[in-house]
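This report goes through one protein chain region by region, for a reader who has the sequence and the coordinates at hand. It begins with a single residue and its surroundings and then widens to the chain as a whole.

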Amino acid sequence: MSFPQLGARDLDGREVTLPAGLPGEWNVVIVAFQRQQQQLVDSWVPWLEEQAAATPWLRFAELPAIGLQWQPARPVIDGGMAAAIRDQQARRRTLTVYTDLRRVTAPLGISDRNTIWLFLTDRAGRVRWRGSGGWDRATADGLAAALDGLPGHAAAAAPAAAPGAGQFEMAFDPRFRLPLAALGVTPATAHVTVTADRLVACFGPWTCRTTPANVRAADVTGPYHWYRAIGPRLSLADHGLTFGTTPARGVCLLLREPVPGIDPLGLLRHPGLTLTVADPGRFAATVRHYAGLPAPGDAATGVAVLSGSLHIMSR
């Protein structure tokens, strides 16, 4: 599990990029989604302050995750929180994020936004432990055991365990930004998350979820005809799904088991998914890495992958 890259701001107005800008070599990040969850967050503060005082390389941060629709009100919301917190240290450790909340929940495997979540992570974004809910002895003991098992400074200085994992942006052709925005598809709401056990493609109001293990081929394809590649597209031939923002290039994923994606009831199942990500080569390589697939140069699989990709895009 990798902590996502997020732009945040503390309550003193300082811009912070996460996870690289976290204050400690190792950090406990408390993610909250609702104002009424502050009591749950506060229940952890005394215990975490004790742990941080005894461990020089450990710090903790509070991360209110707030939806994009509230971004215009950020000065009022953040200002209200700052006015209620007199302690500067508490203001500095409170990092507000205004974003498509799927950028937070998908990479961290958060299934319930009705409670808070805690993550033990380093500045490289490697998550070593997670828990949820207010302070209780069992959860605190689990976190304490994770802290005891950390190898300390050497681990924080090591490179990330899974290079290439994380979130991938979509490549937006300027000609199609306005019609896509009318569908709710913007650079803020269109992205793909890949981890060892999750592959989540978000496209405005549409979401398609699967796992790397369900991918049997990942191939860079394109260019495409714009009228077959822009927007959410369904192949009438085989029900393959495209989340398209440019006709230039994309990555076609062929799936072992079809998955829902385009209709809210999940009645239609898609055997393939084409995504026009901004970095197709890195995205395809990351999916292959987690799916255990051979590189595209493998002669035994190249023809099958290419033919499948062209079949998916011929709509």
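## Ser 132 and its surroundings

Once residues up to four places away in sequence are set aside, Ser 132 touches Thr 115, Ile 116, Trp 117, Leu 118 and Thr 139. Ser 132 belongs to strand 7, which covers residues 127–132, and this serine is partly exposed, with a relative accessible area of 32%. From C-alpha to C-alpha, Ser 132 and Phe 119 are 8.8 Å apart in space, while 13 residues separate them in sequence.

## The chain as a whole and confidence in the model

The model is predicted, and the pLDDT of the protein chain averages 87, with 90% of the residues scoring at least 70. Two stretches call for caution. Over residues 153–164 the pLDDT stays under 50, and the model has 17 contacts for this stretch beyond four places in sequence. The pLDDT is also below 50 over residues 299–315, a stretch with 33 contacts in the model beyond near neighbours in sequence.

The protein chain contains ten helices and 16 strands, and buried residues make up 52% of its 315 residues. Of the contacts in the protein chain with a separation of 6 or more, 70% are accounted for by residues 24 or more positions apart.

## The largest nonpolar core

The largest nonpolar core is made up of 33 residues, and those with the most contacts inside it are Val 192, Val 215, Phe 243, Leu 253, Leu 275 and Phe 283. At least two residues of this core come from each of strand 9 (190–194), strand 10 (199–203), strand 11 (206–210), strand 12 (215–221), strand 14 (241–244), strand 15 (250–259), strand 16 (270–275) and helix 9 (280–291). Helix 9 supplies the largest share of the core, five residues.

Phe 283 shows how residues from separate parts of the sequence meet here: leaving aside its neighbours within four places in sequence, Phe 283 is in contact with Phe 168, Val 192, Val 194, Val 251, Leu 253, Leu 275 and Val 277.

## The hairpin of strands 13 and 14

Strand 13 (residues 231–234) runs antiparallel to strand 14, and four bridges join the two. One of the paired positions is Gly 231, whose bridge partner in strand 14 is Gly 244. Six residues lie between the strands of this hairpin, in which His 239 takes a positive phi near 70°.

## Cysteines without disulfides

The structure holds zero disulfides. For Cys 208 the reason is distance, because its sulfur is 9.9 Å from the closest cysteine sulfur, that of Cys 202, which is too far for a bond.

## Salt bridges, buried and partly exposed

Side chains of opposite charge can pair when their charged atoms come close. The count for this model comes to 14 salt bridges. One of them joins Glu 62 to Arg 93, with the closest N and O atoms 3.3 Å apart. This pair links distant parts of the chain, since Glu 62 is in strand 4 (residues 58–67) and Arg 93 is in helix 3 (residues 88–93), 31 residues apart. Glu 62 counts as buried at 8% relative accessibility, and Arg 93 is buried too, with a relative accessible area of 12%. Thr 94 lies in the loop between helix 3 and strand 5 (95–99) and counts as buried at 3% relative accessibility. Beyond residues up to four places away in sequence, Thr 94 touches Arg 9, Asp 10, Leu 11, Glu 62, Pro 64 and Ile 85.

Asp 100 and Arg 102 form another salt bridge, with the closest N and O atoms 2.9 Å apart, and both of these residues are buried. In the salt bridge between Asp 279 and Arg 282, the closest N and O atoms are 3.4 Å apart; here Asp 279 is partly exposed, with a relative accessible area of 36%, and Arg 282 is partly exposed, with a relative accessible area of 37%.

Key: Residues are numbered from 1 along each chain as its sequence is written. This is a predicted model: local features need pLDDT of at least 70, side-chain atom pairs count only at pLDDT 80 or more; totals for chains, interfaces and linings use all residues. Side-chain values use heavy atoms; hydrogens and water are left out. A disulfide is a pair of cysteine sulfur atoms within 2.5 Å. A nonpolar core is a set of buried Ala, Val, Leu, Ile, Met, Phe, Trp, Tyr and Cys residues joined through side-chain atoms within 4.5 Å. Buried means under 20% relative accessible area, exposed over 50%, partly exposed in between (1.4 Å probe, protein chains only). Contact means heavy atoms within 4.5 Å. Two strands pair if DSSP finds at least two bridges between them. A salt bridge is a side-chain nitrogen of Lys or Arg within 4 Å of a carboxyl oxygen of Asp or Glu. pLDDT is the predictor's confidence in each residue, from 0 to 100.
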